[in-house]
Amino acid sequence: MLESDLRIPVPAIYESLAQLMRGIYPQVAVLYGDAPGEFEDASWLSARLAELLPLPLHQRQHCLELDDPIARLRFVFELVSNATQALE
């Protein structure tokens, strides 16, 4: 999480990303010192997704450079939605 990020609730439209992270986090929590997940914090959630999802480097870089945590969630949401549609 960037220090400049405020704690902003995850908008309902992105709740599926919070659910995705709830499924992933128990397997990777050790990477974060077993700190509890902050699944309702848009800053924390968007940063962890950008770190953990298998994204091409340029997409990961772009996502992490976004200052607005809601913009990061939107970016990740679009990537996940597009990947899901491609699998259908």
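**View 1. The buried residues of helix α1 in the predicted model.** In α1, the residues L17, A18, M21, Y25 and V28 are buried, and the elements that cover the buried residues of this helix include α2 (42-52) and α4 (69-87). An α-helix has 3.6 residues a turn, so residues three or four places apart point the same way.

**View 2. The length and bend of helix α1.** Helix α1 runs over residues 15-28, and its 14 residues reach 20 Å from the first C-alpha to the last, which is close to the 20 Å expected at 1.5 Å a residue.

**View 3. Helix α2 and its covered residues.** Helix α2 is mostly covered, with nine of its 11 residues buried; these are A42, S43, W44, L45, S46, A47, R48, L49 and A50.

**View 4. The packing of helix α3 against helix α4.** Helix α3, formed by residues 57-65, packs with α4 at an angle of about 155°, and the axes of the two helices lie 8 Å apart. Because angles over 145 degrees count as roughly antiparallel, α3 is described as roughly antiparallel to α4. The crossing in which α3 passes α4 is left-handed. Where the two helices meet, Q59, H62 and C63 are the residues contributed by α3, while R72, F75, V76 and L79 are those contributed by α4.

Note on methods. Residues are numbered from 1 along each chain as its sequence is written. This is a predicted model: local features need pLDDT of at least 70, side-chain atom pairs count only at pLDDT 80 or more; totals for chains, interfaces and linings use all residues. Side-chain values use heavy atoms; hydrogens and water are left out. Helices (H or I, at least four residues) and strands (E, at least two) are DSSP runs, numbered from the N terminus. The expected span of a helix is 1.5 Å times one less than its number of residues. The bend at a residue is the angle between axes fitted to the seven residues ending there and the seven starting there. Buried means under 20% relative accessible area, exposed over 50%, partly exposed in between (1.4 Å probe, protein chains only). Contact means heavy atoms within 4.5 Å. Axes are lines fitted to C-alpha atoms, for helices over the stretch in contact, and angles run from 0 to 180 degrees between N-to-C directions. Angles under 35 degrees count as roughly parallel, over 145 as roughly antiparallel, 65 to 115 as roughly perpendicular and the rest as oblique. A crossing is left-handed if the near helix is turned anticlockwise from the far one by less than a right angle, and right-handed if clockwise.
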